[in-house]
Amino acid sequence: MDVSSWDGTLSLNEFSLAAQAFEEKWKISNSASPPWLWVNAPIRPFVASQKVDGFLSMENICLLRPSEDNGAEVSRLEEEKTSLSEKEEAIDDATLVHSNHHEVHYYDFHIVYSASYRVPVLYFRGYDSDGLPLQLNEIEKDLPACSAKVLLESKWTFITQEEHPYFNRPWYKLHPCGTSEWMKLLFLDEAVLAESKVAIELHLVSWFSVVGQVIGLRVPIEMVNGRIN
Amino acid sequence: MASVTESPSSVRKVIVQLKATADAPILKQNKFKIPGTDKFAKVIDFLRRQLHRETVFVYINSAFSPNPDELVIDLFNNFGVDGKLLVNYACSMAWG
């Protein structure tokens with residue numbers, strides 16, 4: 001892949017390779033975090049080509065409210081922490097169901113390939129402890145504080161809602177229309193990565209280093225530095 | 001490869017060099033020193049203030065956008081070149 005003329009996109013096959021590399025590197029460098037898992041796409045009848053098709057999945061993630069610094073913490077279904085620096089939610093006098101002060105939210109994240117934009121897309125949905133889906137304004141409160149501004153002001157990262165490409169449910173996604181632009185920038189100086197295989201293996205690591213910041217998930221430096229220097 | 005001449009435990013300052021990319025304006029002061037124990041968020045905030053923009057796209061070599069919580073010294077140790085941490089920035093254009 002000639003990086004200087006690269007348009008910032010990748011093919012479905014390259015996405016599968018990148019996903020595999022991302023899954024492995026994440027497991028090695030981020031073992032404390034829940035893993036990303038590859039899920040094969042449900043086979044659709046009457047579809048002519050049965051290419052390897054699927055997505056990366058990380059589900060049932062408990063996003064704790066962000067502290068005053070940036071970034072939320074991610075953990076599996078754990079006991080909620082008792083002290084949080086965020087303000088308490090206003091008590092609704094009409095329906096006082098639980099006496100607990102803080103509501104724990106759970107999230108599913110999918111990294112799906114967009115055939116139209118030829119880039120990875122992050123799909124996500126959140127739900128409360130009763131399993132009720134969260135609305136976008138509730139989700140935004142769980143995101144790092146600086147994300148809220150970025151989401152509103154940047155044309156490169158904004159959230160839309162649409163039907164998941166494989167499941168008939170509405171999910172939220174970070175819209176992919178700006179992705180190829182900023183992926184091109186990320187790789188601009190990387191003549192040393194122009195050798196195709198390395199660039200593909202790093203594609204999702206680089207992509208997620210940006211996207212993960214919006215949702216408060218962190219790419220450890222080790223994931224990037226694993227490359228041959 | 002970064003050349004680390006001091007012991008890791010000493011609090012050292014890191015030289016950060018900023019580089020404008022895409023359509024971003026070039027800053028008059030594009031080089032400064034920052035304590036290694038500071039978080040990368042400080043560099044991002046500096047850029048936001050200098051450029052008068054809320055959203056700046058910040059990334060370094062190795063095709064990586066560092067998390068604001070990373071320590072500058074860790075980034076320098078892993079990605080520093082010629083005794084500096086090179087930080088690229090672009091403006092992700094606002095709506096309207």
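## Basis of the description

Two strands are taken to pair if DSSP finds at least two bridges between them. Strands (E, at least two residues) and helices (H or I, at least four) are DSSP runs, numbered from the N terminus.

The model is predicted: local features need pLDDT of at least 70, and side-chain atom pairs count only at pLDDT 80 or more, while totals for chains, interfaces and linings use all residues. Residues are numbered from 1 along each chain as its sequence is written, chains are lettered from A in the order in which they are written, and side-chain values use heavy atoms, without hydrogens and water.

## Sheet of chain B

Chain B holds an open, mixed sheet of four strands in the order β2-β1-β4-β3. Its edge strands, β2 (31–35) and β3 (57–60), each pair on one side only. On average, neighbouring strands are turned by 35° against each other, direction ignored; axes are lines fitted to C-alpha atoms.

## Strand pairings

β3(B) and β4(B) are antiparallel and share four bridges; here Tyr59(B) has Asn88(B) as its bridge partner in β4(B). β1(B) and β4(B) run parallel, joined by six bridges, and Leu18(B) is partnered by Val87(B) of β4(B).

Strand β1(B), residues 13–20, also pairs with β2(B) in the antiparallel sense over five bridges. Lys13(B) stands opposite Pro35(B) of β2(B).

Helix α4 (179–186) of chain A lies across β3 and β4 (84–90) of chain B. The helix runs at about 35° to β3(B), where angles run from 0 to 180 degrees between N-to-C directions and helix axes are fitted over the stretch in contact (heavy atoms within 4.5 Å).
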